[in-house]
Amino acid sequence: MKRIILLISLILTVILTASCTGNVNSDSSEKKETTAASASSSKITSTISSEKLNVTVPDGWNKVEGSVLEHQYMKNTTSFMVKKESFYKNTLDEVVTEAKSIFQKSFSDYKDISTDNIKVAGKEAKKIVFTCNVGSLSMKYMYVYLFIGSDTYAITFGDQASSFDILSADYDTILNSMTIK
């Protein structure tokens, strides 16, 4: 039964993430950044084309075998992934506005819980938390959007609404451990 719930959660999270994808912005010069400070305080200088998000997960998170994503993990029924997204937006506020619009159109009973400014790997980021129904399941998601070089990334956590908050300390640990090299 646990495997079935895990599989359903994974499939729903992948579908949710795929529904957020828009079109690629060919003019990305406004989002370029060349220097990032890591969460551990060492300074890393990099070029735009070689910036890469590095992730460390706490014990118990298992990499999803066969995933096309570099960072996709599961713990119990909770899914965590990092995915490059395509938006025609140049600010995080615009990205979040577009993402919320997509979620509202895609899911029944969408309810926005919070939107916060945070930092991930020394970069400005926007975190949104919401609930929605996916089929007969009541789900809860956290999406964190940030720009790395000229790309927009979504860092997502998703689980059933009834169990999402159990791993909230892990979500913070993962976000605080991220670096860009």
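This is a predicted model: local features need pLDDT of at least 70, side-chain atom pairs count only at pLDDT 80 or more; totals for chains, interfaces and linings use all residues.
Residues are numbered from 1 along each chain as its sequence is written, and side-chain values use heavy atoms, leaving out hydrogens and water.

Of the chain's 181 residues, 49% count as buried.

Q: Why does Gln 72 count as buried?
A: Buried means under 20% relative accessible area, exposed over 50%, and partly exposed in between (1.4 Å probe, protein chains only). Gln 72 has 4% relative accessibility, so it counts as buried.

Q: Where does Gln 72 lie?
A: Gln 72 sits in strand 5, residues 71–75. Strands (E, at least two residues) and helices (H or I, at least four) are DSSP runs, numbered from the N terminus.

Q: What makes the Gln 72 and Ser 67 side chains a polar contact?
A: The term needs a pair of N or O atoms within 3.5 Å; within protein, one must be able to donate a hydrogen and the other to accept it, and residues adjacent in sequence count only if both atoms are side-chain atoms. Here the two side chains come to 2.4 Å, and the pair is listed as a polar contact.

Q: Why is Ser 106 called partly exposed?
A: Its relative accessible area is 40%, so Ser 106 falls in the in-between class.

Q: What does the side chain of Ser 106 reach?
A: From helix 2 (residues 92–106), the Ser 106 side chain reaches the backbone oxygen of Ile 102 at 2.8 Å.
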